[in-house]
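Okay everyone, thanks for coming.

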Amino acid sequence: ASLLPTAFLGPLQGVAAFITSVALVPQVWRNFAARSRGGWSPISAALSTGGNAARIFTTLTLAEGNPILLAQFAACLLLNGVLLVQALVWD
């Protein structure tokens with residue numbers, strides 16, 4: 001038995017997707033403003049970017065293409081990709 005009714009699952013996934021995606025925006029912005037990687041490791045950024053690509057693949061194949069999860073992982077892939085480019089170009 002589940003702790004919450006399934007009607008809450010979609011909205012909770014939406015909130016989690018929003019928080020996870022927005023959490024990287026300040027770091028991207030600070031790096032851009034300072035023209036610095038801000039101590040962000042290229043290895044960490046590459047692993048995060050690759051992990052998000054894997055999550056998109058598994059969401060498409062195993063989670064029936066859940067649109068909320070896809071949006072979350074696509075946004076994180078984009079933001080981690082930006083952090084990766086910043087880490088490779090600056091510093």
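Before we start, one term: a polar contact is a pair of N or O atoms within 3.5 Å, where, within protein, one must be able to donate a hydrogen and the other to accept it. Also, keep in mind that what you're looking at is a predicted model.

So let's go to helix H4, residues 67-89. At its start, Asn66 has a side-chain oxygen that comes to within 2.9 Å of the backbone nitrogen of Ile68.

Quite a few residues in H4 are buried, including Leu69, Phe73, Cys76, Leu83 and Leu84. And what do the buried residues of H4 pack against? They pack against H1, helix H2 (25-34) and helix H3 (42-62). Just after H4 you'll find Asp91, with a positive phi of about 75°.

Asp91 leads us to Ser36, which touches it along with Asn31 and Trp90, leaving aside residues up to four places away in sequence. Ser36 sits in the loop between H2 and H3. Buried or exposed, this Ser36? Its relative accessibility is 17%, so Ser36 counts as buried. Its side chain also reaches the backbone nitrogen of Gly38, at 3.0 Å.

Last stop: Phe8, in the segment before helix H1 (9-22). Phe8 has 45% relative accessibility, so it counts as partly exposed. Together with Leu3, Leu4 and Leu12, Phe8 forms a nonpolar surface patch with about 470 Å² of accessible area.

Note on methods
Residues numbered from 1 in each chain as written. Predicted model: local features only at pLDDT ≥ 70, side-chain atom pairs only at ≥ 80, totals over all residues. Heavy atoms only, no water. Patch = residues over 30% accessible without salt bridge, like charges linked within 9 Å, V, L, I, M, F, W, Y side chains within 5 Å. Areas by Shrake-Rupley, 256 points an atom, 1.4 Å probe, with all protein chains shown as cover. Salt bridge = Lys/Arg side-chain N within 4 Å of Asp/Glu carboxyl O. Helix = DSSP H or I, 4+ residues; strand = E, 2+ residues; numbered from the N terminus. Buried < 20%, exposed > 50% of the residue type's maximum accessible area, 1.4 Å probe, protein only. Expected span 1.5 Å × (residues − 1). Contact = heavy atoms within 4.5 Å.
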